[in-house]
Amino acid sequence: MAWLWLSRTAGSMERTGADGFVLEERLKLLRILPLVIQWRGSATGDTINWTGSSIRVGWRWLNKTKENPAKAVEKMQYPWRIRHAPGSDRVLFFHCEGIGNLVYVREDEASRGGG
């Protein structure tokens, strides 16, 4: 079944405001149909608590977005712990007990074309 989810790009995490975060994953089903999964939450100390999510199937003009799908709501009840990689302030680890781990590398200005 893994062949159904191809052409996966790296996910992104954006900071929104003083303590908000948006995590976004973009996938393509059968290399054609875009899926955009978005998680929204806020940070307190070294913990992110997710407060909302959505999934968009297809292109934006199809208007097939579902807010807070049931599977996402189940997983939103668990907070994610954040920690930095030893010796690096660019690599962040996100861990959720019983669910899994995510690793993100912070972009620098040079990789964004800013210098």
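**Strand pairing, core and aromatic contacts**

Trainee: Which residue in E7 does Ile48 stand opposite?

Mentor: Ile48 stands opposite Trp80 in E7. Please note that this is a predicted model, in which local features need pLDDT of at least 70 and side-chain atom pairs count only at pLDDT 80 or more, while totals for chains, interfaces and linings use all residues. Residues are numbered from 1 along each chain as its sequence is written, and side-chain values use heavy atoms, with hydrogens and water left out.

Trainee: How are strands and their pairing defined?

Mentor: Helices (H or I, at least four residues) and strands (E, at least two) are DSSP runs, numbered from the N terminus. Two strands pair if DSSP finds at least two bridges between them. Here, strand E4 (residues 33–44) pairs with strand E5 (residues 47–57) in the antiparallel sense over 10 bridges. Within that pairing, Gly41 stands opposite Trp50 in E5. E4 and E5 form a hairpin with two residues between them, and Gly45 in the turn has a positive phi of about 60°.

Trainee: How many bridges join E5 to strand E7, and how many join E5 to strand E6?

Mentor: Two bridges join E5 to E7 (residues 80–84), and these strands run antiparallel. Three bridges join E5 to E6 (residues 65–67), again in an antiparallel arrangement. In E6, Lys66 is the bridge partner of Ile55.

Trainee: Which residues is Asn49 in contact with, leaving aside its neighbours within four places in sequence?

Mentor: Contact means heavy atoms within 4.5 Å. On that basis, Asn49 is in contact with Gly41, Ser42 and Pro79. With the same exclusion of neighbours within four places, the contacts of Ile48 include Met13, Phe21, Trp80 and Phe94.

Trainee: Which residues touch the most other members of the largest nonpolar core?

Mentor: In soluble globular proteins, nonpolar side chains tend to be buried together. A nonpolar core is a set of buried Ala, Val, Leu, Ile, Met, Phe, Trp, Tyr and Cys residues joined through side-chain atoms within 4.5 Å. The largest one here has 15 residues, of which Met13, Leu23, Trp39, Ile48, Trp50, Trp80 and Phe94 touch the most other members. At least two residues each come from E3, E4, E5, helix H1 (70–76), E7 and strand E8 (91–96). E8 gives the most, with three residues.

Trainee: How many aromatic pairs does the structure hold?

Mentor: Rings of Phe, Tyr and Trp (its six-membered ring) pair if their centres lie within 6.5 Å; planes under 30 degrees apart count as stacked, over 60 as edge-to-face and the rest as tilted. The structure holds three such pairs. Phe94 and Tyr104 form an edge-to-face pair, 5.7 Å centre to centre with 90° between the planes. This pair links distant parts of the chain, with Phe94 in E8 and Tyr104 in strand E9 (residues 100–105), 10 residues apart. Both residues are buried.

Key. Buried means under 20% relative accessible area, exposed over 50%, partly exposed in between (1.4 Å probe, protein chains only).
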